[in-house]
Amino acid sequence: MALLALLTGCSRASGESAGASGPVRHMALTPCRLDGVAAQTLCGTLEVFEDRTAAKGRKLSLRVVVVPALASQPQEDPLFFLAGGPGQAASRTRILPALDRIRRQRDIVFVDQRGTGDSHPLDCEALNPSRGSLAARFEDREDADVLPQCRKGWDADERLYTTSIAMDDLDDVRAALGYRKVNLWGISYGTRAALVYMRQHPDRVRTAILDGVAPMGQYLPLYAARDGQRALDLLLEACAKDAVCAKAYPDLRTRTEGLLAKLEAAPAKVRVPHPRTGVPEDFTLTRRVFVSEMFALLYSPDVASLVPLMLDRAAKDDWTPFVALSLGLTDEVARTTSRGMFLAVVCAEDAPFFTEADAEREAKGTWFGPRMALDVKKACAKWPVADVPKNFRDPVASDIPTLLLSGELDPVTPPTWGEQAKQTLTHSLHVVVPGLGHNTVGADCARSLMAEVLTRGSVEGLTPDCGKGLKRPPFFTSFAGPVP
């Protein structure tokens, strides 16, 4: 019935209200399939002007995917998913199975933000070499060096791919689909996008769920070194306190410091079999590339449970685990993320708000150092200057019911950022889930809270206890897994 309502809604008379027969739509939706998703879905496109202010010139086709509710009479307010990155394509994420409870009563909507996925993507293989040789994969290069090559391939005005503009696009999608109000679910950068939508279109938001909160006071990637070091310290401390891990990897912190000092003095000459082909390959590994890859491994506690083993082997000049773990993350990132879109956002909304001195200060005493932030500053120096609203970096003040979720072990949006956002969200609840990293949807209690806030339309009465007894996964002491 819900599917029938969606299909027949495409040909109904114009209008915006949703009635008993379902929302009245102004855009065509046709049956389609999402990669890795068995559920029936509907796809369509909505044309918007690249330059929304001028309302003329180049048009962009935004990809829209609707996963119909299972109920014969679903709730009229859907859940809109806002992806991370910046630069991740919402329709290419494989997040739908986590939304089973919500999908029973509500449509789920995925929109590829302008510049991502199938919405006029700002892709560039040179900025994200996911395949080919290991030498190319682990090359120590700067985005600024390859930007001119990338920009030649884009038919776009890169100044017009900011969050504020994209959230006006999103409201056009809402109207075209016939929804009067929506519920927002943002992950990581998607929480910034959700906050911006809440500020620009407050009357259109029923509830918001922000998972891995990136408030307006967080400048990407200024605080990444500090927050990443916190996550790494927690991991090393947990290993040292775990009898099995401590026995398998004695003095791991000290030996890792020695490894980093060795890489600082001279890059490692590495020869390992390529994990996909089995053919031995040679490449040079610098300290900067090594710590950057290690940072990415901290996002998921399941992956991070292999980090002590990886560090132990690397300290013994065995780089096979490092290569295997790093490549395991690469394909998914490359499949879903536009690096050009990342720069379009951070060069407009982040880099102008911090200095090189700020980067040095925030990274002081960390293993990761200021290079991530300094590289962004250097790349953005070659980027066209975009306009953002004067109040863009002001905290978003709202009384919209908002559930804030943070993973205890998150290396990039730790719980302190959720607390910061909460200060100006007067009808909010912040829940920290123990043992989890970057986003909490893997915890059943977090999914239950999400379903509850949507059902209630409020955070009142929700319990902040989530995942009591949860803890990080046991550390691997061999490739066979943890010792029982």
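Select C124 to begin: at 12% relative accessibility this cysteine counts as buried, where buried means under 20% relative accessible area, exposed over 50%, and partly exposed in between, computed with a 1.4 Å probe and protein chains only. The model in the viewer is a predicted one, in which local features need pLDDT of at least 70, side-chain atom pairs count only at pLDDT 80 or more, and totals for chains, interfaces and linings use all residues. Residues are numbered from 1 along each chain as its sequence is written, and side-chain values use heavy atoms, with hydrogens and water left out.

C124 and C150 form a disulfide, with their sulfur atoms 1.9 Å apart; a disulfide here is a pair of cysteine sulfur atoms within 2.5 Å. C124 lies in the loop between strand 7 (108–111) and helix 3 (134–137), while C150 belongs to helix 4 (residues 143–152), so this pair ties together parts that are 26 residues apart in sequence. Helices (H or I, at least four residues) and strands (E, at least two) are DSSP runs, numbered from the N terminus. Looking along the S-S bond of C124 and C150, you will find a torsion of -65 degrees, and the link is left-handed. C150 is buried as well, with a relative accessible area of 3%.

C32 counts as buried because its relative accessibility is 15%, and C43 counts as buried at 11%.

Then select C347 and C380, whose sulfur atoms are 2.0 Å apart in a disulfide. This pair also links distant parts of the chain, with C347 in helix 14 (residues 339–349) and C380 in helix 16 (residues 371–380), 33 residues apart. About the S-S bond of C347 and C380 the torsion is about -85 degrees, so the disulfide is left-handed. C347 is buried, with a relative accessible area of 10%, and C380 is buried at 12%.

Finally, select every bonded cysteine: how many disulfides does the structure hold? The structure holds 5 disulfides, and, with bonded cysteines counted along the chain, they follow the pattern 1-2, 3-4, 5-6, 7-8, 9-10.
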